[in-house]
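Subject: Structure handover

Hello,

Here is the structure I said I would pass on. Please open it next to this message, as the notes below refer to it throughout.

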Amino acid sequence: MTDYIQEQEMEIEALEAILMDDFKEIHSGESGLNTSKRCFQIKVTPVDDEADEVTTAPVQLALIFSHTERYPEEPPLLNLNSLRGIQGEHLRILKEKLQQEASENLGMAMIYTLVTSAKEWLSEQYCQDTSIEDAEAEEAAKDDVIVPHGEPVTVETFLAWREMFEAELALERAKLMPEAALSAPKEKRLTGRQWFESGRHAVKGAAPATEGSDEEDVEDIDFDDDDFEDDEDDMLEHYLAEKTDSSSHSSKRETN
């Protein structure tokens, strides 16, 4: 003959060890069950996929049970109360579900199985919206990530660009210099830099200047050598800015 009382006592001890503070004995008068036997309450919260329980559970219920005379050969008495945020209709549906599972698990200790089932059901009913919002937020964050476009900057590409840039700069300077200055003898011809340092490019109609010229000099512009020390750094910044603008235009064309 099965010792039902011993099995029931062993299950209660196991539940106390596993559930700890979520498990407690309550008076039969506050259980809502029609029994004078010992009654117990278990706090149940939804299960999170990445943790044991949701950190800030949106809902919580109390699963109340009492062993019957022949438990586990017959189902336990069950009752559910909302501790936070659970609709009455949901309590009714979940209670019917747990009673059905109890009838399917006769012959074995089943309370912890019912608790696990209740946790999963609460998670499905009350935590899906939160999961969807988190997924949408993650997708939005991915959309905000800037994907780099264009050719990467290397020493070779910068040197090639600098050579082309200096050629274009020399051409622009030549356009600003008078024809007479360009056609002067090589030994008396000013370089583009000397021409700009002399300040003659700023004087409209200024006469061409050569070395040893008797004409009155226009006031010289003072330049420090430090003004030209960072030319290569400035060129690199200018090059990177051009690459960025080019990449932005390319991205816009791809988007359009």
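What follows is a summary of what was found, from the overall layout down to single residues.

Please keep in mind that this is a predicted model.

Overall layout

The protein chain contains eight helices and four strands. In sequence order the pattern is α-β-β-β-β-α-α-α-α-α-α-α. The chain has 256 residues, and 29% of them are buried. Among contacts in the chain with a separation of 6 or more, 55% are between residues 24 or more positions apart. The accessible surface is about 17,600 Å², and carbon and sulfur atoms account for 48% of that surface.

The nonpolar core

The largest nonpolar core has 27 residues. Within this core, Leu 61, Leu 63 and Phe 65 touch the most other members. At least two residues of the core come from each of α1 (4-19), β2 (39-44), β3 (60-66), β4 (77-84), α2 and α3. The biggest contribution is that of α3, which gives seven residues.

Apart from neighbours within four places in sequence, Phe 65 contacts Leu 15, Phe 23, Leu 33, Arg 38, Cys 39, Phe 40, Ile 42, Leu 77, Leu 78 and Ile 111.

The α2 and α3 pair

Helix α2 covers residues 88-104 and helix α3 covers residues 111-126. The two pack at an angle of about 145°, and their axes are 10 Å apart. The crossing of α2 with α3 is right-handed. On the α2 side, the contact is made by His 90, Ile 93, Leu 94, Lys 97, Leu 98, Glu 101 and Ala 102. On the α3 side, Leu 114, Ser 117, Ala 118, Trp 121, Gln 125 and Tyr 126 take part. Sorted by class, this contact has eight nonpolar, three polar and two charged residues.

Gln 60 belongs to strand β3. Is Gln 60 buried or exposed? Its relative accessibility is 16%, and the cut-off for buried is under 20%, so Gln 60 counts as buried. Leaving out neighbours within four places in sequence, Gln 60 is in contact with Lys 43, Val 44, Thr 45, Ser 82, Leu 83, Arg 84 and Ile 86.

Arg 84, one of those contacts, lies in strand β4. Arg 84 has a relative accessible area of 38%, between the limits of 20% and 50%, and is therefore partly exposed. Arg 84 and Val 59 are 25 residues apart in sequence, while their C-alpha atoms are 5.0 Å apart in space.

Two backbone details

Most residues other than glycine have a negative phi, and most peptide bonds are trans. Two places in this model are worth checking against that background.

The first topic is phi. Met 20 is not a glycine, yet its phi is positive, near 50°. Met 20 sits in the loop between α1 and β1 (23-26). With a relative accessible area of 57%, which is over 50%, Met 20 is exposed.

The other topic is a peptide bond. Tyr 71 and Pro 72 are joined by a cis peptide bond, with omega at about 15°. Pro 72 is in the loop between β3 and β4.

Regards

How values were computed: Residues are numbered from 1 along each chain as its sequence is written. This is a predicted model: local features need pLDDT of at least 70, side-chain atom pairs count only at pLDDT 80 or more; totals for chains, interfaces and linings use all residues. Side-chain values use heavy atoms; hydrogens and water are left out. Buried means under 20% relative accessible area, exposed over 50%, partly exposed in between (1.4 Å probe, protein chains only). Contact means heavy atoms within 4.5 Å. Accessible areas come from the Shrake-Rupley method with a 1.4 Å probe; for residues, only the protein chains shown count as cover. Axes are lines fitted to C-alpha atoms, for helices over the stretch in contact, and angles run from 0 to 180 degrees between N-to-C directions. A crossing is left-handed if the near helix is turned anticlockwise from the far one by less than a right angle, and right-handed if clockwise. Ala, Val, Leu, Ile, Met, Phe, Trp, Tyr, Cys and Pro count as nonpolar, Asp, Glu, Lys and Arg as charged, and the others, Gly among them, as polar. A nonpolar core is a set of buried Ala, Val, Leu, Ile, Met, Phe, Trp, Tyr and Cys residues joined through side-chain atoms within 4.5 Å.
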